[in-house]
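Q: Can you walk me through this one? I'd like to start with a single residue and then zoom out.

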Amino acid sequence: MHCPFCGNEDTKVHDSRQVEEGTAVRRRRECERCLRRFTTFEKFEDSPLVVVKKEGRREGFSRSKMMAGMLRACEKRSIPIDEIEEAAYAIEKKLRNRNEREVSSSEVGEAVLEQLFNMDEVAYIRFASVYRQFQDIQRFMEELHELIEKRGSIRKRN
């Protein structure tokens, strides 16, 4: 593995661990020339998953793009990055387990909302405000009331 900083071919592995339920390996490496550390991931290559956008355009599913949206929603919240990565993995796994090669962007968005709902209410509302494109305060308040009702019904069941 080449060092991404200086291009040196000699790097050593400091730590390896399985991630994503054993379907991938995360390695911490160190360049033997510049001594900088970096992380690599090794995983099997899966069949492509295509996201169908609202206007009908198609693009390849990108967990990193989905995660970027989740990270923006979780910004300045005390949510560990590992928890966000696990949530992103769970969403991708759920979508791939449907055994369909195409998924609508709305299914991806709703899956993200479901994960954020269980992680952090503020992150959920932040993501919902962008995803559902609130046009006014009334729609924002409706979403808040729905969140409060969902939380109340979950607490009653427990």
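**Working chat**

Q: Is S105 buried or exposed, and why?
A: S105 counts as buried, because its relative accessibility is 17% and the cut-off for buried is under 20%. Keep in mind that this is a predicted model.

Q: Where does S105 sit?
A: S105 lies in helix 3. That helix covers residues 105-119.

Q: What does S105 touch, leaving out residues up to four places away in sequence?
A: S105 touches V51, V52, K53, K54 and Y131.

Q: Y131, okay. How far is Y131 from E83 in space, C-alpha to C-alpha?
A: The C-alpha atoms of E83 and Y131 are 21 Å apart. In sequence the two are 48 residues apart.

Q: Which helix holds E83?
A: E83 is in helix 2, residues 81-96.

Q: Which residues of helix 2 are buried?
A: In helix 2, the buried residues are I84, A87, A88, Y89, I91, E92 and L95.

Q: What covers the buried residues of helix 2?
A: The cover includes strand 3 (37-43), helix 1 (63-73), strand 6 (102-104) and helix 3 (105-119).

Q: What span should helix 2 have, and what does the model give?
A: At 1.5 Å a residue, its 16 residues should span 22 Å. The end C-alpha atoms of helix 2 are 23 Å apart, so the two agree.

Q: Zooming out. What is the secondary structure of the protein?
A: Five helices and six strands. Along the sequence the pattern reads β-β-β-β-β-α-α-β-α-α-α.

Q: What is the radius of gyration, next to a compact globule?
A: The protein has 19 Å. A compact globule of 158 residues would be near 15 Å. The C-alpha atoms fill a box of roughly 60 × 35 × 30 Å along the principal axes.

Q: How much of the protein is buried?
A: Buried residues make up 32% of the 158 residues. The accessible surface comes to about 10,500 Å², and 48% of that belongs to carbon and sulfur atoms.

Q: What about contacts between residues 24 or more positions apart?
A: They account for 43% of the contacts with a separation of 6 or more.

Q: Last one, charges. How many positive and negative side chains?
A: There are 32 positive and 30 negative side chains. The centres of the two sets lie 2 Å apart.

Terms used. Residues numbered from 1 in each chain as written. Predicted model: local features only at pLDDT ≥ 70, side-chain atom pairs only at ≥ 80, totals over all residues. Heavy atoms only, no water. Helix = DSSP H or I, 4+ residues; strand = E, 2+ residues; numbered from the N terminus. Rg over C-alpha atoms; globule rule 2.2 N^0.38 Å. Buried < 20%, exposed > 50% of the residue type's maximum accessible area, 1.4 Å probe, protein only. Contact = heavy atoms within 4.5 Å. Areas by Shrake-Rupley, 256 points an atom, 1.4 Å probe, with all protein chains shown as cover. Lys, Arg positive; Asp, Glu negative; His and termini not counted. Charge placed at Lys NZ, Arg CZ, Asp CG, Glu CD. Expected span 1.5 Å × (residues − 1).
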